[in-house]
Amino acid sequence: MSHKACLTQLTVLAGKHKQIAVSIGNLSKEYETHIKRFLDQHKAIETEAKKLQGDLDSSLKKLDRSREKYQRRQQDADSAEDHLSKAEPDTRVSRAELERIKDAADDTKARAARAREEYCVQLNLTNSHQRGFYREAWPGVFSKLRRLGQEAEEGIHDLLSRMVSGGLDQWPEPVEAWGELDNCRELLDFKGK
């Protein structure tokens with residue numbers, strides 16, 4: 001009889017454990033959708049951040065190329081100007097040759113001036129892009145990540161609260177669970193009386 005009472009009490013406890021497990025399983029399914037949503041949002045923010053960083057990197061590369069082009073063109077213009085300044089006092093250089101050297105120097109100066117203007121435009125664009133990147137875009141990405149982290153924190157808090165409250169409602173009191181088993185132990189007759 002004591003053995004049967006003990007098994008009955010263990011069956012009741014197992015049933016309550018099963019109810020708790022089912023409740024936790026249902027919560028788990030519900031929160032899987034939240035987890036997927038958080039992961040999707042995080043991925044979208046990460047993609048946005050990579051795009052912003054890529055745009056900035058591209059702008060910096062364009063600036064480097066523009067600067068290199070300007071430096072090359074300026075060196076060419078300086079060389080042409082130097083060549084002209086050496087050719088002007090030289091009496092061995094014909095007037096036609098001197099005109100050709102002057103035209104070449106003027107042409108290289110004009111190309112250098114255009115390259116400088118392109119470099120200035122690209123520098124202004126890059127500076128503007130960097131200001132927007134560091135003052136607006138990047139802080140915006142971090143704000144989105146912070147909000148997502150807060151939502152995830154709130155979701156975890158809610159999940160744990162619901163698990164605890166659901167489990168506490170169904171969890172047997174220690175006196176109820178173990179007290180009945182202790183009563184069964186006292187009924188056992190080990191000496192066979």
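Is Arg111 buried, partly exposed or exposed, and what is its relative accessible area? Arg111 is partly exposed, at a relative accessible area of 29%, where buried means under 20%, exposed over 50% and partly exposed in between (1.4 Å probe, protein chains only).

The model is predicted, so that local features need pLDDT of at least 70 and side-chain atom pairs count only at pLDDT 80 or more, whereas totals for chains, interfaces and linings use all residues. Residues are numbered from 1 along each chain as its sequence is written, and side-chain values use heavy atoms, with hydrogens and water left out.

A salt bridge is taken here as a side-chain nitrogen of Lys or Arg within 4 Å of a carboxyl oxygen of Asp or Glu, and by this rule the count is twelve.

| Pair | N to O distance |
|---|---|
| Lys69 and Glu118 | 3.1 Å |
| Asp106 and Lys109 | 4.0 Å |
| Asp107 and Arg111 | 3.4 Å |

The bridge between Lys69 and Glu118 links distant parts of the chain, 49 residues apart, since Lys69 belongs to helix α1 (residues 2-87) and Glu118 to helix α2 (residues 95-170); helices are DSSP runs (H or I, at least four residues) numbered from the N terminus. Lys69 is partly exposed at 24% relative accessibility, and Glu118 is partly exposed at 40%.

Within helix α2, Asp106 and Lys109 stand three residues apart, about one turn of the helix, while Asp107 and Arg111 in helix α2 are four residues apart, also about one turn. Through shared partners, salt bridges join Glu81, Asp106 and Lys109 into one network.

Key:
Helices (H or I, at least four residues) and strands (E, at least two) are DSSP runs, numbered from the N terminus.
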